[in-house]
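This briefing is intended for a reader who is new to the structure shown below. It is arranged by topic, with each point given as a whole sentence.

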Amino acid sequence: MEFENLLKLVECVSHSDLDSFSYEQDGTKIKLKKHKRYHNAETTVSMAIENPARAEKVERQQGGKEVKSPLVGIFYAAPGEDAEPFVSVGDRVKKGDILGIVEAMKLMNEIESEYDGIVKEIVVENAESVEYGQTLFVIGAE
């Protein structure tokens, strides 16, 4: 799916009454989930894009697996300004646990762990701009 079409899809889902949306084509999966709970009840869209054919994960120096940003935006480590971070280095996480948020186009996209393990490294700072494919977290074996 082309990036422009993906942006249109995110916008359509965010303005609809749908709570979730899933799409799969040629091994690429897109999951959108909408919640109203972060930052003054703004609508948030959680997006996970996976492509098994391109899912080669780079091993970092600590021997962990990288969790990368699925889009360009601003990274937030916590659900609100005065809230505790979702995770810290040394925390145990399971696949699907929320690690952080990337804000894009005024939508808050939950970044979920792709692995079970321990948070070995948080590569980006809170409120830092991130790029598509940039490493956000390193998850190591337990």
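In this predicted model, Val102 stands opposite Asn109 in strand β8. The two strands concerned, β7 (residues 98-104) and β8, run antiparallel and are joined by six bridges. The points below begin with this pairing and then turn to a second sheet, an aromatic pair and the confidence of the prediction.

**The β7-β8 hairpin**

- Strands β7 and β8 form a hairpin, with two residues between them.
- Met105, located in the turn, has a positive phi of about 55 degrees.
- Strand β8 spans residues 107-112 and is mostly covered, as six of its six residues are buried.
- On one side of β8, the buried residues are Leu107, Asn109 and Ile111.

**The four-stranded sheet**

- Four strands make up an open sheet in the order β4-β11-β9-β6, and their pairing is antiparallel.
- The edge strands are β4 (65-68) and β6, each of which pairs on one side only.
- Within this sheet, strand β9 (residues 117-122) and β11 run antiparallel and are joined by four bridges.
- Ile118 stands opposite Gly140 in β11.

**The aromatic pair**

- One aromatic pair is found in a search of the whole structure.
- The ring centres of Phe75 and Phe137 are 5.7 Å apart and the ring planes lie at 65 degrees, so the pair is edge-to-face.
- Phe75 belongs to strand β5 (residues 73-76) and Phe137 to strand β11 (residues 135-140), so the pair ties together parts that are 62 residues apart in sequence.
- Phe75 has a relative accessibility of 1% and therefore counts as buried.
- Phe137 also counts as buried, because its relative accessibility is 1%.

**Confidence of the prediction**

- The protein has a mean pLDDT of 78, and 74% of its residues reach 70 or more.
- Confidence is highest in strand β6 (residues 92-93), at 97.
- Confidence is lowest in strand β3 (residues 42-50), where the mean is 42.
- Over residues 36-62, pLDDT stays under 50, and the model has 82 contacts beyond four places in sequence for these residues.

Definitions and conventions:
Residues are numbered from 1 along each chain as its sequence is written. This is a predicted model: local features need pLDDT of at least 70, side-chain atom pairs count only at pLDDT 80 or more; totals for chains, interfaces and linings use all residues. Side-chain values use heavy atoms; hydrogens and water are left out. Buried means under 20% relative accessible area, exposed over 50%, partly exposed in between (1.4 Å probe, protein chains only). Two strands pair if DSSP finds at least two bridges between them. Rings of Phe, Tyr and Trp (its six-membered ring) pair if their centres lie within 6.5 Å; planes under 30 degrees apart count as stacked, over 60 as edge-to-face and the rest as tilted. pLDDT is the predictor's confidence in each residue, from 0 to 100. Contact means heavy atoms within 4.5 Å.
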